[in-house]
Amino acid sequence: MTTTASTGTSPLADARALGLAHYAARGVLEQVLARHGINFQQQIALRAAVSADPRQTPEELVTQVRGSLKADPADIRTTLDELQAKELLVADGAHLRPTDAGRGLLTAVGADTAPITARVWGGIPAEDLAAAGRVLATVTERANAELAALTA
């Protein structure tokens, strides 16, 4: 039986609670991203390119984004093409690198989301965040293992 905060006890974490939290937070982020002319998958791919050291080939970026989003590789390749068309990524030999505009866009998104993030996460005790982090890491590891078994 799941109890609620209104009874003085906390609800149990489960797949539904995780999904609801994910989609609520993603909904907020997607609203901010839309103001900047990009979507969620584009932001994930651009962030992967910005944080890549050394620079990655398109296929390496596809692999990295797929590891995060579990998205279809063809869709990710389309996303990389879209980012190049928007001049947020540029080919540099066999690699893709973010442009100044791409880096600037992520900085602007970060500035727009920072106060929202502070309101959403603010006031949650550090020990609760640490416990949630441990649980989410375990769930991610187990779900990735199940996905690997299902797609083997």
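**Close-up views of a predicted model**

View 1. Arg77 and Glu59 are joined by a salt bridge, in which the closest N and O atoms are 2.8 Å apart. This pair links distant parts of the chain, since Arg77 belongs to helix 4 and Glu59 to helix 3, and the two residues are 18 residues apart. Arg77 counts as partly exposed because its relative accessibility is 35%, and Glu59, at 40% relative accessibility, counts as partly exposed as well. The structure shown here and in every following view is a predicted model.

**View 2. The packing of helix 3 against helix 4.** Two packed helices are described by the angle between their axes and by the distance between those axes. Helix 3, which covers residues 58-69, and helix 4, which covers residues 73-85, pack at an angle of about 120°, and their axes are 9 Å apart. The two helices, helix 3 and helix 4, are therefore oblique to each other. The crossing in which helix 3 passes helix 4 is right-handed.

View 3. In the loop between helix 3 and helix 4 lies Lys70, which has a positive phi of about 60° although it is not a glycine. With a relative accessibility of 39%, Lys70 counts as partly exposed. Glu87, found in the loop between helix 4 and strand 1 (89-92), is a residue other than glycine whose phi is positive, near 60°. Glu87 is exposed, because its relative accessible area is 57%.

View 4. The peptide bond that runs from Asp53 to Pro54 is cis, and its omega is near 5°. Pro54 has its place in the loop between helix 2 (40-51) and helix 3.

View 5. The side chains of Asp92 and Arg55 meet in a salt bridge, with a distance of 2.4 Å from N to O. Asp92 lies in strand 1 and Arg55 in the loop between helix 2 and helix 3, so the pair ties together parts that are 37 residues apart in sequence. Asp92 counts as partly exposed at 29% relative accessibility, and Arg55 counts as partly exposed at 44%. Salt bridges also link Arg55, Asp92 and Arg97 in a network.

View 6. Side chains of opposite charge can pair when their charged atoms come close. Here Arg26 forms a salt bridge with Glu30, and the closest N and O atoms are 2.7 Å apart. Because Arg26 and Glu30 are 4 residues apart in helix 1 (residues 15-35), about one helical turn separates them. Arg26 has a relative accessible area of 27% and is partly exposed, while Glu30 is partly exposed with a relative accessible area of 33%. The count of salt bridges comes to 4 in this model.

**View 7. A nonpolar patch on the surface.** Leu18, Val135, Leu136 and Val139 form a nonpolar patch on the surface, and together they have about 300 Å² of accessible area. Helix 6, covering residues 126-151, supplies the largest share of this patch, namely 3 residues. Leu136 has its place in helix 6, and with a relative accessibility of 39% Leu136 counts as partly exposed.

Methods:
Residues numbered from 1 in each chain as written. Predicted model: local features only at pLDDT ≥ 70, side-chain atom pairs only at ≥ 80, totals over all residues. Heavy atoms only, no water. Patch = residues over 30% accessible without salt bridge, like charges linked within 9 Å, V, L, I, M, F, W, Y side chains within 5 Å. Areas by Shrake-Rupley, 256 points an atom, 1.4 Å probe, with all protein chains shown as cover. Buried < 20%, exposed > 50% of the residue type's maximum accessible area, 1.4 Å probe, protein only. Axes fitted to C-alpha atoms, helices over the stretch in contact; angles between N-to-C directions. Parallel < 35°, antiparallel > 145°, perpendicular 65-115°, else oblique. Left-handed = near helix turned anticlockwise from the far one by under 90°.
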